[in-house]
Amino acid sequence: MDLSTPLAATAVAAGLRTDGARLWQSLMDLARIGATPKGGVCRLALTDLDRQGRDLFVQWAREAGCSIRVDAIGNIFARRAGLDDALPPVMTGSHIDTQPTGGKFDGNYGVLAGLEVLRTLNDGGVRTRAPVEVAVWTNEEGSRFVPVMMGSGVFVNAFTLEHALAQRDAQGVSVDEALRAIGYAGPAGPAPAVGAYFEAHIEQGPVLENHERVIGVVSAALGQRWYDVSVQGMEAHAGPTPMELRHDALLAASCIVAEVNRIALDRLPHARGTVGSLEVFPNSRNVIPGGVKLSVDLRAPDDGQLLDMDAALRAACERIAAARGVTIGVEQVVYFPPQPFTPHLVEAVRTNAADLGYSAMDVVSGAGHDAVYLARVAPAAMIFVPCADGISHNEIEDAEPAHLEAGCNVLLRAMLAAAGVVQAADGGVPA
């Protein structure tokens with residue numbers, strides 16, 4: 001019997017379930033490294049705490065029979081050999097670096113769900129045709145070094161290794177120096193091919209919880225355009241200057257904030273518009289503000305809509321400048337194109353969630369993830385599970401063990417279908 005067919009893989013997977021208690025314990029054990037008093041985790045990229053977390057993952061992966069490879073930007077790849085080890089691996093993974101006030105699940109869940117898949121294959125005596133790998137991507141959060149998603153970005157050549165290694169933190173330490181200090185500077189070389197990539201992640205938003213769904217079938221990630229906007233008016237005394245003669249930069253900036261909100265609301269359901277930062281000059285109680293710098297973050301599921309939002313922002317700034325007697329400059333500083341995920345892998349997530357009896361819905365990721373970069377070079381898909389109140393990047397971030405186990409079971413099935421099955425414990429397909 002040819003056990004490498006999708007039907008056979010599904011039959012084998014039907015007899016397997018991941019160990020939710022083991023997955024939860026691994027998450028709690030990892031969370032002790034960098035634990036904060038409020039119950040979160042502070043494990044910044046390439047610090048000694050990051051080294052400790054990496055060492056623990058490597059130990060667990062070796063205990064599961066994996067070989068370990070580290071590349072020049074510090075990405076870790078734990079490989080479970082396949083029958084045909086020359087085939088490109090079916091990969092999963094995420095990151096274990098955190099925000100300064102991070103939680104236990106962001107990124108960590110994707111890494112340890114992948115490890116749990118490997119442990120489950122070992123428990124079931126299942127051998128895959130293609131090798132299976134779990135990746136730990138370096139500096140996804142970008143809290144210590146920029147750019148964000150550094151490890152996966154280098155892997156897909158979104159930017160060069162040399163550029164990434166040269167970046168420095170606030171204390172002047174370079175990525176290259178930090179990698180060497182923690183012992184995770186691997187050899188340089190071309191990135192190997194990837195057969196398929198899956199990433200399990202907490203949603204980091206409230207949609208699944210609000211709709212009472214267990215699995216988010218992620219069809220795409222929103223494109224992003226970030227801007228630095230500067231408003232120049234004229235500072236003047238707040239008392240003697242009549243209202244109609246003012247050139248109030250903060251008043252103009254407040255109009256921009258309202259316009260950014262309107263631009264997104266006019267393009268529901270997936271458009272997003274946010275002003276997250278304002279710097280006011282001279283920032284004095286009785287002085288009309290003469291200058292404001294603000295950030296604008298626009299997101300949309302396709303480039304056409306994102307460009308339409310860009311045009312709307314620029315047109316609004318021109319109108320506001322004329323009406324308020326100020327000058328406004330708009331500079332785009334970040335662009336991530338919208339990234340659809342691979343239809344047949346997205347369908348595999350959807351089908352396996354239904355087969356397992358989990359409630360599910362299609363969602364679009366509003367945040368960036370390593371999968372967004374991997375989708376540029378390989379078939380890719382994501383699996384979301386709910387997080388409590390949609391809260392993430394926060395020490396109180398939380399998720400239900402049953403939901404984490406459900407997402408891991410969907411991941412197991414999707415990866416088996418992609419990798420192919422050549423042998424089960426009894427030499428055949430479980431009944």
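**Helix packing and an annotated site**

Modeller: In this predicted model, helix H9 (residues 249-265) packs with helix H10 (residues 303-324) at an angle of about 150°, their axes 10 Å apart.

Colleague: Why are H9 and H10 called roughly antiparallel?

Modeller: Angles over 145 degrees count as roughly antiparallel. H9 and H10 pack at about 150°, so they are roughly antiparallel to each other. Their crossing is right-handed.

Colleague: Which residues of H9 meet H10?

Modeller: Among them are Leu251, Cys255, Ile256, Glu259 and Ile263. On the H10 side, they meet residues including Met309, Leu313, Ala316 and Ile320. The contact of H9 with H10 divides into 13 nonpolar, no polar and 4 charged residues.

Colleague: What makes H2 roughly perpendicular to H13?

Modeller: The axes of helix H2 (residues 20-31) and helix H13 (residues 401-419) cross at roughly 110° and come within 9 Å. The range for roughly perpendicular is 65 to 115 degrees, so H2 is roughly perpendicular to H13. Gly20, Leu23, Trp24 and Leu27 of H2 make the contact with Pro401, Leu404, Glu405 and Cys408 of H13. By class, that contact has 6 nonpolar, 1 polar and 1 charged residues.

Colleague: Where does UniProt place the feature "binding site"?

Modeller: The unreviewed UniProt entry places it at Asp106, Glu141 and His393.

Colleague: How do you know that they gather at one spot?

Modeller: They span 288 residues in sequence, but no two of their C-alpha atoms are more than 9.7 Å apart, so they gather at one spot. Asp106, Glu141 and His393 are in the lining of the largest pocket. Glu141 sits in the loop between strand S5 (132-136) and helix H5 (150-155).

Methods:
Residues are numbered from 1 along each chain as its sequence is written. This is a predicted model: local features need pLDDT of at least 70, side-chain atom pairs count only at pLDDT 80 or more; totals for chains, interfaces and linings use all residues. Side-chain values use heavy atoms; hydrogens and water are left out. Axes are lines fitted to C-alpha atoms, for helices over the stretch in contact, and angles run from 0 to 180 degrees between N-to-C directions. Helices (H or I, at least four residues) and strands (E, at least two) are DSSP runs, numbered from the N terminus. Angles under 35 degrees count as roughly parallel, over 145 as roughly antiparallel, 65 to 115 as roughly perpendicular and the rest as oblique. A crossing is left-handed if the near helix is turned anticlockwise from the far one by less than a right angle, and right-handed if clockwise. Contact means heavy atoms within 4.5 Å. Ala, Val, Leu, Ile, Met, Phe, Trp, Tyr, Cys and Pro count as nonpolar, Asp, Glu, Lys and Arg as charged, and the others, Gly among them, as polar. UniProt positions are given in the numbering used here, feature names are shortened, and annotations may be inferred rather than shown by experiment. On a 1 Å grid over the protein atoms alone, a cavity is a set of points where a 1.4 Å probe fits but cannot get out, and a pocket is an open set with protein on both sides within 12 Å along at least five of seven lines; lining residues have an atom within 4 Å of a point.
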